[in-house]
Amino acid sequence: MKIRRHSLSSFFNPNTYHSARLIRIAKTTGMATDERVLTSSDGTRIWAEAAGNPANPAVVFIHGLACSALLFDKQFQDQALLDKLYLVRYEMRGHGRSGAPDGIEAYAGTLQADDFRTICEAFRLHKPWVYGW
């Protein structure tokens, strides 16, 4: 799989990534993070990022309405958490770097659950803790 460099403007455009897997180094901790744009069951692109050791217990951070995964930057920069947990966050459909499908039916609860399942499968999470805002 190729790792591509993107300009800052394409970084915030989820349609530029398709299903590319991106690796970047977190500036504050030096810890590598695994950043991806995944495809949910209906084709919506979902932005996600993980940090820490995948062998540790997993915590999935989910933001609330009209927010983004940026809310959890402090947790993703906390070395104590990174040493003990596997942190995963994603941006819900219609928010931030994730796709924004048209029509109210594209935001049904079953599709939101499919997005969560997509994240869990992509990062190989089994019974993660969930932290919602």
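The side chain of Asn56 reaches the backbone oxygen of Asp83 at 3.1 Å. This distance belongs to a predicted model. Asn56 itself is placed in the loop that connects strand E3 (45–52) with strand E4 (58–62). Beyond residues up to four places away in sequence, Asn56 touches Leu82, Asp83, Lys84, Leu85 and Tyr86.

Strand E2 (32–39) and strand E3 each contribute at least two lining residues. The most comes from E2, which gives four residues. Sorted by class, the lining of the second largest pocket holds 12 nonpolar, four polar and five charged residues.

Most residues other than glycine have a negative phi. Ala66 and Arg124 are not glycines, yet Ala66 has a positive phi and so does Arg124. The table sets out their values.

| Residue | Phi | Relative accessibility | Location |
|---|---|---|---|
| Ala66 | about 65 degrees | 69% | loop between E4 and helix H2 (73–76) |
| Arg124 | about 55 degrees | 76% | loop between H4 and strand E6 (129–132) |

Ala66 counts as exposed because its relative accessibility is 69%, where the cut-off for exposed is over 50%. Arg124 is likewise exposed, since its relative accessible area is 76%.

Gly94 is located in the loop between strand E5 (86–90) and helix H4 (109–122). Is Gly94 buried, partly exposed or exposed? Gly94 counts as partly exposed, because its relative accessibility is 36%, and that class lies between the limits of 20% and 50%. When neighbours within four places in sequence are left aside, the contacts of Gly94 are Gly99, Ala100, Pro101 and Tyr107. Gly94 and Ala106 are separated by 12 residues in sequence, and their C-alpha atoms are 9.4 Å apart in space.

Key. Residues numbered from 1 in each chain as written. Predicted model: local features only at pLDDT ≥ 70, side-chain atom pairs only at ≥ 80, totals over all residues. Heavy atoms only, no water. Polar contact = N/O pair within 3.5 Å; in protein donor to acceptor, adjacent residues only side chain to side chain. Contact = heavy atoms within 4.5 Å. Buried < 20%, exposed > 50% of the residue type's maximum accessible area, 1.4 Å probe, protein only. Nonpolar A, V, L, I, M, F, W, Y, C, P; charged D, E, K, R; others polar.
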